[in-house]
Amino acid sequence: MKKLIQFKQVSFEYNHESEEEEPVAVLHDITLSIKEGDFVAVLGHNGSGKSTLAKHINAILQPTEGVVWVDGIDTSKEELVFEIRQQVGMVFQNPDNQLVATVVEEDVAFALENLGVESTEIRERVDAALQQVGMYEFREHSPHQLSGGQKQRVAIAGILAMQPKCIVLDEPTAMLDPQGRREVLKTLLSLNREKGTTVVFITHFMDEAVQANRVVVVDGGQIIADDTPKAVFSDVEQLKKVGLDVPQVTELAYELRKAGIDFPNGILSVEECVAELQKALGG
Amino acid sequence: MAIIRVEHLTHHYSPGTPFEKTAIDDVSLEIEEGELVGVIGHTGSGKSTLIQHLNGLLKPDSGKVYINNTDIFESKETLQKIRFQVGLVFQYPEYQLFEETVYKDIAFGPTNMGLNPLQIREAVERAVSAVEIPSSMLEKSPFELSGGQKRRVAIAGVIAMNPRVLILDEPTAGLDPKGRDTILALIQKYHQQEHNTVLLVSHSMEDVAKYATKVLVMNRSQLYAYEDVDSIFTRAAEIEKIGLSVPQITKVFHQLAELGYPVNSNTYRIQEASEQLLRLLKKKGEQEC
């Protein structure tokens, strides 16, 4: 698969060019590549640098040192910023801060109208995007009548209408209830699997992260782990040290191993855990 | 003694319009003093409407609310007193900070209670120490603080009124795992020190299982369950059926019990789970020897 996003030795400081304020280093020497079709979960506690990392992907921020390429375009080329943003859409945490129009379908059409897309095509793309996120029947509703999860799905539809290769989501489920969280995650998984859209998903919920095909852990502005969920969650101690959770069953397996029991590492689901316990307990 | 008693409480939104909705449907409930109650339910189950009745922010269409055996809607004066006895911390309370300094913000409640300056200072100091905000921050603007600190200051503003009942509506929403654990541990410590009654609205059964003594489950505007944390998870299957999640550990132990292993199906903490399993594994080892 093609590398869609590449970070090469990227460092970033806030206030880099300010004369009055001290520079604040946020990212240090990040090298990372994301392939087309990847579903990457990014974990890290608040202040770890994960949002700063995400904002480099659609050129909201440019590296202080190093280079970021998106689909072969260097993000520091200002004249190409709009091309990058058509390839990479971004969804943020607060469902109430992202919708601008008074009717759902107008909100989804907003960017296309600004780009001067022809109106019949806008209609087609908006309908298709709303169907993909399961919000087509709400197309004539007002956003304020929707639940948080529904609002986030409309925000995702607004990005999809641009037909991007990649969606970056910065804690899109943090302010949602369990049902809203499930809706958003299901939508993202189906986009990834059915349409091959690349997803970069920042979250604090480990039950969501285990569903990605790759987990990147950021701490102190550096990548400290980058592997499959199974491999990353095997290292319970390291995750706890950087202030992150592990799923309960993963922790149980870890406790059993610590007590000297021969038990596999990196258990992520209830089913796996029960199956392994059956093996260990026999009978 | 029941500190909170709710009798046949019913509440409708937009009564008499086509949008009328029953938010609370004939709920009766008694909460003993000194409990730490986890309040769980879907969005729209009525849990927020219920807690807003407990300090008189909402008035029942029918039914009564008693705090410490007093009908809170008995008179205007009573209602005013109740607001100091039942402190309510809303979701994202940091959005409600408004004063110039942290000190003034926390002092707002005690000042309105009519305390003298010395008592106010004591109340503020007690509250900041409960939420572990260093006193060096008292003269800062609340807007200079980090998100987690702001939230703790907002909670301190309610604690400073020394309420007999403290209600927190999703105090960990939007926090990272470390921030969540810090806030919940502070609330637990505060509860243990003050021996007052705390209601904690949460979407996480795992957090409730870890910190609460009782669980109150709302479902479709009705009280679905109010019982000890120790017994609620025996009903795990039922609870999943109404769409609430149960801790992963509970699911594992229910399945093990169904498979015929001699385990306590009502297990919800990792510690207990691993102890039980280690005992079983040890027994098996001995039999094989």
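**Close-up views of a predicted two-chain model**

View 1. Lys210(B) sits in helix H7 of chain B; helices (H or I, at least four residues) and strands (E, at least two) are DSSP runs, numbered from the N terminus. This is a predicted model, in which local features need pLDDT of at least 70 and side-chain atom pairs count only at pLDDT 80 or more, while totals for chains, interfaces and linings use all residues. Residues are numbered from 1 along each chain as its sequence is written, and chains are lettered from A and ligands numbered from 1 in the order in which they are written. Lys210(B) counts as partly exposed because it has 18 C-beta neighbours inside 10 Å. A residue is buried if 20 or more other C-beta atoms lie within 10 Å of its own, exposed if 12 or fewer, and partly exposed in between, with C-beta atoms placed from the backbone. The C-alpha atoms of Lys210(B) and Arg269(B) are 7.0 Å apart in space, and the two residues are 59 apart in sequence.

**View 2. The two domains of chain B.** Chain B is divided into domain 1 (2-236) and domain 2 (247-289), with bounds from an automatic or database domain assignment. The domain centres, taken over C-alpha atoms, are separated by 36 Å. Domain 1 of chain B gives 9 residues to the contact and domain 2 of chain B gives 7; two residues are in contact if their C-beta atoms, placed from the backbone, lie within 7 Å. On the domain 1 side, helix H7 (205-211) and helix H8 (229-232) of chain B each supply at least two residues. H7(B) gives the most to that side, with 4 residues. The residues of the domain 1 side divide into 4 nonpolar, 2 polar and 3 charged. Here Ala, Val, Leu, Ile, Met, Phe, Trp, Tyr, Cys and Pro count as nonpolar, Asp, Glu, Lys and Arg as charged, and the others, Gly among them, as polar.

**View 3. The mixed sheet of chain B.** In chain B, 6 strands form an open sheet with mixed pairing, in the order E6-E7-E8-E3-E9-E10; two strands pair if DSSP finds at least two bridges between them. Strand E6 (86-89) and strand E10 (222-228) of chain B are at the edges, each with a single partner strand, so one side of each has no neighbour in the sheet. Neighbouring strands of this sheet are turned against each other by 15° on average, direction ignored. Strand E3 (residues 36-40) and strand E9 (residues 214-219) of chain B are parallel and pair over 4 bridges. Val39(B) is opposite Leu216(B) in E9(B). Helix H6 (residues 177-194) of chain B lies across E3, strand E7 (165-169) and strand E8 (197-201) of chain B, and runs at about 160° to E8(B). Axes are lines fitted to C-alpha atoms, for helices over the stretch in contact, and angles run from 0 to 180 degrees between N-to-C directions.

**View 4. The antiparallel sheet of chain B.** An open sheet of 4 strands in chain B has the order E2-E1-E4-E5 and antiparallel pairing. Its edges are strand E2 (21-32) and strand E5 (70-71) of chain B, each with a single partner strand, so one side of each is left without a neighbour in the sheet. Strand E1 (residues 2-13) and strand E4 (residues 62-67) of chain B run antiparallel and are joined by 5 bridges. Ile67(B), in E4(B), is the bridge partner of Ile4(B).

**View 5. Strand E9 of chain A and its partners.** Strand E9 (residues 214-219) of chain A has 5 of its 6 residues buried, so it is largely enclosed by the rest of the structure. E9(A) pairs with strand E3 (residues 39-43) of chain A in the parallel sense over 4 bridges, and Leu43(A) is opposite Val217(A) in E9(A). E9(A) also pairs with strand E10 (residues 222-227) of chain A, in the antiparallel sense over 5 bridges. The bridge partner of Val216(A) in E10(A) is Asp226(A). The hairpin of E9(A) and E10(A) has 2 residues between the strands, and Gly220(A) in this hairpin takes a positive phi near 55°.

**View 6. The side of chain A that touches chain B.** Contacts link 29 residues of chain A with 28 residues of chain B. Helix H6 (178-195), helix H10 (248-258) and helix H11 (270-281) of chain A each supply at least two residues of the chain A side. The largest share of that side, 7 residues, comes from H11(A). The chain A side divides into 16 nonpolar, 9 polar and 4 charged residues.
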